[in-house]
Amino acid sequence: MLEDAVGKQYSRNDVERNCAEAMIYGANDEYKLGLPEEAFYTMGAFGGGMRIKSICGAVTGSLAVLGILFNSEIYEKQERMKRIAEEFIAEFEKRYGHLECSVLRDKYRDPVIGCETTVRMAARVLEEIIDKYRREITYSGK
């Protein structure tokens with residue numbers, strides 16, 4: 001279950017992961033993607049709403065996962081990936097009321113577990129989207 005995989009990555013005691021990093025690490029674990037180490041580093045600057053409490057890191061991390069799974073050099077598949085990403089964004093916003101880190105932090109952040117609740121919320125939506133479009137995954141673990 002993706003929710004547990006990202007929650008585990010976010011709440012690790014031996015290393016601190018931001019929301020965006022937790023999403024990509026968790027997806028790598030759950031879907032056995034075999035991503036190279038450099039892929040994880042790309043999400044470092046997206047935590048904390050891109051460092052300025054803008055778009056939530058769990059959202060940007062989820063979009064990165066969708067890009068990994070569904071993007072392609074083939075134009076039609078790129079366009080499909082964009083629509084899948086838009087569907088994720090719309091569903092997340094519909095369920096949780098906002099995409100902004102600052103708003104989500106005020107509503108869901110806990111002093112003990114931080115933003116783990118938001119990371120898990122994003123994972124639920126992300127997993128549903130991935131399951132819905134599973135047959136269209138383009139990633140082959142290159």
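Colleague: Which element gives the most to the lining of the largest pocket?
Modeller: A pocket is found on a 1 Å grid over the protein atoms alone: it is an open set of points with protein on both sides within 12 Å along at least five of seven lines, and lining residues have an atom within 4 Å of a point. Elements are DSSP runs numbered from the N terminus: helices are H or I with at least four residues, strands E with at least two. Four residues of the lining come from the top contributor, α4.

Colleague: What is left out of the side-chain values here?
Modeller: This is a predicted model, so local features need pLDDT of at least 70 and side-chain atom pairs count only at pLDDT 80 or more, while totals for chains, interfaces and linings use all residues. Residues are numbered from 1 along each chain as its sequence is written, and side-chain values use heavy atoms, without hydrogens and water.

Colleague: Which residues are the closest to the centre of the largest pocket?
Modeller: The largest pocket holds about 250 Å³ of space; this volume is what probe spheres fill when set on grid points joined across faces, edges and corners. In all, 15 residues line the largest pocket. The closest to its centre are Y10, N18, G48, R51 and R105.

Colleague: What is the volume of the largest cavity?
Modeller: A cavity is a set of grid points where a 1.4 Å probe fits but cannot get out. The structure holds one of 30 Å³ or more. The largest cavity has a volume of about 60 Å³.

Colleague: Which elements give two or more residues to the lining of the largest cavity?
Modeller: Among the residues that line the largest cavity are G47, G48, G49, C101, L104 and R105. The elements giving two or more residues to this lining are α4 and α7.

Colleague: Is T118 buried or exposed?
Modeller: T118 also lines the largest cavity, and belongs to helix α8. Leaving aside neighbours within four places in sequence, T118 is in contact (heavy atoms within 4.5 Å) with C56, A58, F92, L104 and Y108. Buried means under 20% relative accessible area, exposed over 50%, and partly exposed in between (1.4 Å probe, protein chains only). At 3% relative accessibility, T118 therefore counts as buried.

Colleague: Why is helix α1 largely enclosed by the rest of the structure, and what covers its buried residues?
Modeller: Helix α1 runs over residues 2-10, and seven of its nine residues are buried, so the rest of the structure largely encloses it. The buried ones are L2, E3, A5, V6, G7, Q9 and Y10. Their cover includes α2 and α8.

Colleague: What is the relative accessible area of L66?
Modeller: L66 sits in helix α5, residues 57-70. Not counting residues up to four places away in sequence, L66 touches N71, M81, I84, A85, F88, L126, I129 and I130. L66 is buried, with a relative accessible area of 0%.

Colleague: How far apart in space are L66 and R120?
Modeller: In sequence, L66 and R120 are 54 residues apart. In space, the C-alpha to C-alpha distance is 16 Å.

Colleague: Which residues form the nonpolar patch with about 280 Å² of accessible area?
Modeller: Patch members have over 30% relative accessible area and no salt bridge; nonpolar side chains (Val, Leu, Ile, Met, Phe, Trp, Tyr) are joined within 5 Å, like charges within 9 Å. Areas come from the Shrake-Rupley method with a 1.4 Å probe, and for residues only the protein chains shown count as cover. One member, I52 of helix α4, counts as exposed at 66%. The patch is made of F46, M50 and I52.

Colleague: How many salt bridges does a search of the whole structure find?
Modeller: A salt bridge is a side-chain nitrogen of Lys or Arg within 4 Å of a carboxyl oxygen of Asp or Glu. One joins D14 and R12 at 2.5 Å, N to O. D14 is exposed at 59%, whereas R12 is partly exposed at 30%. The whole search finds twelve.

Colleague: By what part of the helix are E79 and K82 separated?
Modeller: E79 and K82 form a salt bridge, with the closest N and O atoms 3.0 Å apart. E79 is partly exposed at 21%, and K82 is partly exposed at 39%. An α-helix has 3.6 residues a turn, so residues three or four places apart point the same way. Being three residues apart in helix α6, E79 and K82 are separated by about one helical turn.

Colleague: Which residues do salt bridges with shared partners join into one network?
Modeller: R134 and D131 meet in a salt bridge at 2.6 Å, N to O. The network formed through shared partners holds E3, D4, E116, R120 and R124.
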